[in-house]
Structure formats: C-alpha cells, structure tokens
Amino acid sequence: MNTYMIVNKGGDTLVREYEDQTFKVLRNKGETTWKYENDAIFWEWFKKKIEYQDEELVLLVITDREDFVLDEHINIAKKFTIHAAIEADLMDLKGDAKLLTF
C-alpha cells in the first residue's frame, strides 16, 4: 500500500510519495509545483506518474478548495497508520487549509 500527500493550496499543486520513511516530491515536467485546469487532468497525470494499476492507496490531501474531488476509480485503503514523521510534515504544510484523508 503506497501513501501519497497531495497539497493543493492557492491553485498550486504538490505531490509527495512516502518512501523509506520520508516524502519524495513527484515532479511534473521537472517542476515541483504546478497548476492544472481541473481535477480530471490532475488525476490522469497522477495515475500515469505512479503507474497506477488498482492497488490500494492512502491519500493525504491538504487543500483550501471545498470542491476538491477524488478520482472514483482509485482504490482507497480502508485502514492506515500515520507515522510521526508523516504527521509532522502534514502539520507543517497544512496551515489554515483542510486536511482530508482518504
């Protein structure tokens, strides 16, 4: 089960993958943050980038958008544990945005 942090604040998007007890940034055309036109375009890029097949994922989403939508075809893990390192990163990035866990 893979864990990803998706930060979507102020129109900018950042995606990190939790690996070896740390988060690594997933780049889009070399950029660490970017803007996208709509959620469908983002999810298409995300699934291609991680080579998604249908495995269970943990998605930690930090967003200031009320209308942020998950891709209905992503298999979300039913249960997960947040390690202290993940929790610290989440709180640092969250600010006044909402934290959604899926």
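Predicted model: local features only at pLDDT ≥ 70, side-chain atom pairs only at ≥ 80, totals over all residues.
# Reading a buried tryptophan and its surroundings

Trainee: Let me start with W43: is W43 buried or exposed?

Mentor: W43 is buried, with a relative accessible area of 2%.

Trainee: Which residues of α1 are buried?

Mentor: They are D39, F42, W43, W45 and F46. Look down the axis of α1 and these buried residues fall within an arc of 160°, so they line one face of the helix. The face turned away from that buried side carries A40, E44 and K48, which are exposed.

Trainee: How many residues apart are W43 and F46?

Mentor: Think about helix geometry: an α-helix has 3.6 residues a turn, so residues three or four places apart point the same way. In our case, W43 and F46 sit 3 residues apart in α1 (residues 39–49), about one turn. F46 is buried too, at a relative accessible area of 0%.

Trainee: How many aromatic pairs does the model have?

Mentor: The count comes to 9 aromatic pairs. W43 and F46 make one of them, in an edge-to-face arrangement: the ring centres are 5.5 Å apart and the planes stand at 90°.

Trainee: What about the nonpolar core: which residues touch the most other members?

Mentor: The general rule is that, in soluble globular proteins, nonpolar side chains tend to be buried together. The largest core in this model has 17 residues, and those touching the most other members are I6, V15, F42, W43, F46, L57 and L59. Strand β1, helix α1 and strand β4 each supply at least two of its residues. The largest share, 4 residues, comes from α1. Another core, of 6 residues, lies apart from it and includes M5, V7, Y18 and I62.

Trainee: On to the strands. How many residues of β4 are buried?

Mentor: The number is 7 of the 7 in β4 (residues 57–63), so the strand is largely enclosed by the rest of the structure. Both of its faces are covered: on one side L57, L59, V61 and T63 are buried, and on the other V58, L60 and I62. Take V61 as an example; its relative accessible area is 0%.

Trainee: Do β1 and β4 pair in the parallel or the antiparallel sense?

Mentor: Parallel, over 7 bridges, with β1 covering residues 2–9. Y4 and V61 are 57 residues apart in sequence, yet their C-alpha atoms are 8.3 Å apart in space. As for burial, 6 of the 8 residues of β1 are buried, so β1 is largely enclosed as well.

Trainee: And how many bridges join β1 to β2?

Mentor: Again 7 bridges, but β1 and β2 (residues 12–19) run antiparallel. K9 is bridged to D12 in β2. The hairpin has 2 residues between these strands, and G10 takes a positive phi near 60°.

Trainee: One last thing, T63 in β4. What lies 3.1 Å from a polar atom of the T63 side chain?

Mentor: That's the backbone oxygen of N8. The T63 side chain also has a polar atom 3.0 Å from the backbone nitrogen of R65. Both distances matter when you look at a threonine in this setting: T63 is buried, with a relative accessible area of 1%.

How values were computed: Residues numbered from 1 in each chain as written. Heavy atoms only, no water. Phe/Tyr/Trp six-rings, centres within 6.5 Å; stacked < 30°, edge-to-face > 60°. Buried < 20%, exposed > 50% of the residue type's maximum accessible area, 1.4 Å probe, protein only. Pairing = 2+ DSSP bridges. Core = buried A, V, L, I, M, F, W, Y, C linked by side-chain atoms within 4.5 Å. Polar contact = N/O pair within 3.5 Å; in protein donor to acceptor, adjacent residues only side chain to side chain. Arc of directions from axis to C-beta.
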